[in-house]
Amino acid sequence: VQVSAERIQPFSGALVKLLSNKIKDHLQSSPGSTGHETLVRLLIAILEICQIAITYLGEQRKVLVNMLSLLVEKSKSGTLCRYLLEVARDWALHRRDGDPTMKEQAIVLQKMMYFEKRGERGEPLFQSYLELIYEIYTEPTLRRSDLTTRLEQQFLLGCRAADVATREKFMDLLDASVPRSLFSRLSYILG
């Protein structure tokens, strides 16, 4: 698949169905149970194949994005969630011929807000998520793009982060992007 990703096209339906079954098994298992880590490694391997060949998945892309969103929302595996965050980082910051689309990227990134509710708010996973959102907003090629428009709520999540340094970075970026006049600030707040 790494050499010629188009070879996956005839198997895309079966691959996504396998992924769906394994995700169902993963969500029903508990982190301490036997075979849980093996299942996580298998899911990561299947997701790597899907990520490489996303252009050739055809109609299965929508199903893949929905499954990624489900994993982000419900997976209890820190390893898998960190991998999904890296996939999202790769998609957002290293564009390849428009695949996946900004809308598909935004769907997965928006679901990652659930990382805030898992454990402590200062948790490294949530902190890494906020760093990714900050990188997206500071990336010159993504300025005023569909992706940044869709991620405004996540950006504001960074403005209220528990970590002072992170909150200051987001607030400085917000301050620099909104003109300082009272009318401009009120217009931004009121929409």
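Contact here means heavy atoms within 4.5 Å. The model described is a predicted one.

## Overall fold

The protein is built from helices: ten helices and zero strands. From the N terminus, the order of elements is α-α-α-α-α-α-α-α-α-α. The C-alpha trace spans about 55 × 40 × 25 Å along its principal axes.

The chain has 191 residues, and 42% of them count as buried. Among contacts with a separation of 6 or more, 67% join residues 24 or more positions apart.

## Surface and charge

The accessible surface comes to about 10700 Å². Carbon and sulfur atoms account for 54% of that surface. The protein carries 26 positive and 23 negative charges, and their mean positions lie 5 Å apart.

Which residues form a nonpolar patch on the surface? They are Leu156, Leu182, Leu186, Tyr188, Ile189 and Leu190, with about 670 Å² of accessible area together. Helix H10 (residues 182-190) gives the largest share of the patch, five residues. Leucine 156 is found in helix H8 (residues 152-159). Leucine 156 counts as partly exposed because its relative accessibility is 40%, between the 20% limit for buried and the 50% limit for exposed.

## Helix H5 and its cover

Helix H5 covers residues 102-111. Its buried residues are Met102, Glu104, Gln105, Ala106, Val108 and Leu109. What covers these buried residues of H5? The cover includes helix H3 (60-74), H4, helix H6 (124-138), helix H7 (146-150) and H8.

## Serine 77

Serine 77 sits in the loop between H3 and H4. Is serine 77 buried or exposed? The residue is buried, because its relative accessible area is 4%, and buried means under 20%.

Beyond neighbours within four places in sequence, serine 77 is in contact with His26, His36 and Val40. Take histidine 36: it is 41 residues from serine 77 in sequence. In space, the two are 8.9 Å apart, C-alpha to C-alpha.

## Salt bridges within a helix

Side chains of opposite charge can pair when their charged atoms come close. The protein has nine salt bridges. Two of the pairs described here illustrate spacing along a helix.

Lysine 22 and aspartate 25 form a salt bridge, at 3.7 Å from N to O. Both residues lie in helix H1 (residues 12-28). They are three residues apart, about one turn of the helix. Lysine 22 is partly exposed, with a relative accessible area of 21%. Aspartate 25 is also partly exposed, at 36% relative accessibility.

Glutamate 86 and arginine 89 pair in helix H4. Their side chains meet in a salt bridge at 3.6 Å, N to O. Why are the two about one helical turn apart? They are three residues apart in helix H4, so about one helical turn separates them. An α-helix has 3.6 residues a turn, so residues three or four places apart point the same way.

Arginine 89 lies in helix H4 (residues 78-93). Is arginine 89 buried or exposed? It is buried, because its relative accessible area is 15%, and the limit for buried is under 20%.

Leaving out residues up to four places away in sequence, arginine 89 touches His94, Ser128, Leu132 and Glu135. Glu135 also belongs to a network of salt bridges that links Glu86, Arg89 and Glu135.

## A bridge between H9 and H10

Another salt bridge joins arginine 185 and aspartate 175, with the closest N and O atoms 2.7 Å apart. This pair links distant parts of the chain: arginine 185 is in helix H10, and aspartate 175 is in helix H9 (residues 164-177). The two are ten residues apart.

Arginine 185 counts as partly exposed because its relative accessibility is 28%. Aspartate 175 is partly exposed as well, with a relative accessible area of 26%.

Notes
Residues are numbered from 1 along each chain as its sequence is written. This is a predicted model: local features need pLDDT of at least 70, side-chain atom pairs count only at pLDDT 80 or more; totals for chains, interfaces and linings use all residues. Side-chain values use heavy atoms; hydrogens and water are left out. Helices (H or I, at least four residues) and strands (E, at least two) are DSSP runs, numbered from the N terminus. Buried means under 20% relative accessible area, exposed over 50%, partly exposed in between (1.4 Å probe, protein chains only). Accessible areas come from the Shrake-Rupley method with a 1.4 Å probe; for residues, only the protein chains shown count as cover. Lys and Arg count as positive and Asp and Glu as negative; His and the chain ends are not counted. The place of a charge is taken as NZ of Lys, CZ of Arg, CG of Asp or CD of Glu. Patches are made of residues with over 30% relative accessible area and no salt bridge: like charges are joined within 9 Å, nonpolar side chains (Val, Leu, Ile, Met, Phe, Trp, Tyr) within 5 Å. A salt bridge is a side-chain nitrogen of Lys or Arg within 4 Å of a carboxyl oxygen of Asp or Glu.
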